[in-house]
Amino acid sequence: MAHDTDIGSLSFEEALKALEDIVRRLESGEAPLDESISLYARGDALRAHCQKRLDAAQARIEAIVTDGPSGGLGRAVGTKSFDEGNGGA
């Protein structure tokens, strides 16, 4: 993943891989200080991008609730918090 790729154009998976690469590079201790600072800033932007994508996915999940297969016709009937179906976790 190129270091100069526009973060906004990355998919969640691409951004996550780029973030993992940055973490690995920073943890190795091989990057000079100036590069480490640049990597950290890009990593923070990638983290924010991933969080934004996750929040959007969660909002989509919350927006889709059907009346279910037991006698229902699979119609959307309202919203339900994503966490409600996961025991609050």
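A salt bridge is a side-chain nitrogen of Lys or Arg within 4 Å of a carboxyl oxygen of Asp or Glu. By this rule, Arg47 forms a salt bridge with Asp44, with the closest N and O atoms 3.3 Å apart. This is a predicted model, in which local features need pLDDT of at least 70, side-chain atom pairs count only at pLDDT 80 or more, and totals for chains, interfaces and linings use all residues. Residues are numbered from 1 along each chain as its sequence is written, and side-chain values use heavy atoms, with hydrogens and water left out.

**Helix H1**

- Helices are DSSP runs (H or I, at least four residues), numbered from the N terminus.
- H1 has 17 residues and reaches 24 Å from its first C-alpha to its last, close to the 24 Å expected at 1.5 Å a residue; the expected span is 1.5 Å times one less than the number of residues.
- In H1, Ala15, Ala18, Leu19 and Ile22 are buried (buried means under 20% relative accessible area, exposed over 50%, partly exposed in between, with a 1.4 Å probe and protein chains only).
- These residues lie on the same side of H1 because they cover an arc of only 100° around the axis, the arc being that of the directions from the helix axis to the C-beta atoms.
- The face of H1 turned away from its buried side carries the exposed residues Glu13, Arg24 and Glu27.
- H2 is included in what covers the buried residues of H1.
- Just after H1, Gly29 has a positive phi of about 75°.

**The largest nonpolar core**

- A nonpolar core is a set of buried Ala, Val, Leu, Ile, Met, Phe, Trp, Tyr and Cys residues joined through side-chain atoms within 4.5 Å.
- The largest one has ten residues: Ile7, Leu10, Ala15, Ala18, Leu19, Ile22, Ala31, Leu39, Leu46 and Cys50.
- Helix H1 (12–28) and H2 each supply at least two residues of this core, and the largest share, four residues, comes from H1.
- Leu46 touches Ile7, Leu10, Ala15, Ala18, Leu19 and Ile22, not counting residues up to four places away in sequence; contact means heavy atoms within 4.5 Å.
- In soluble globular proteins, nonpolar side chains tend to be buried together.

- Ser36 is in helix H2 (residues 33–63) and is buried, with a relative accessible area of 18%.
- Leaving out residues up to four places away in sequence, Ser36 touches Leu26 and Ala31.
- Ser36 and Leu26 are ten residues apart in sequence, and their C-alpha atoms are 6.4 Å apart in space.
- Arg42 is also in helix H2 and is buried, at 12% relative accessible area.
- A polar atom of the Arg42 side chain lies 2.9 Å from the backbone oxygen of Thr5.

**Salt bridges**

- The count comes to five salt bridges.
- Side chains of opposite charge can pair when their charged atoms come close.
- Arg47 and Asp44 both lie in helix H2, three residues apart, about one turn of the helix.
- Arg47 is partly exposed, with a relative accessible area of 43%, and Asp44 is partly exposed at 40%.
- Salt bridges that share partners join Lys17, Asp21 and Arg24 into one network.
- In the salt bridge of Asp21 with Arg24, the closest N and O atoms are 2.7 Å apart.
- Asp21 and Arg24 are separated by about one helical turn, because they are three residues apart in helix H1.
- Glu30 and Arg25 also meet in a salt bridge through their side chains (3.6 Å, N to O).
- Glu30 is exposed at 61% relative accessible area, whereas Arg25 is partly exposed at 29%.

Notes:
Polar contact = N/O pair within 3.5 Å; in protein donor to acceptor, adjacent residues only side chain to side chain.
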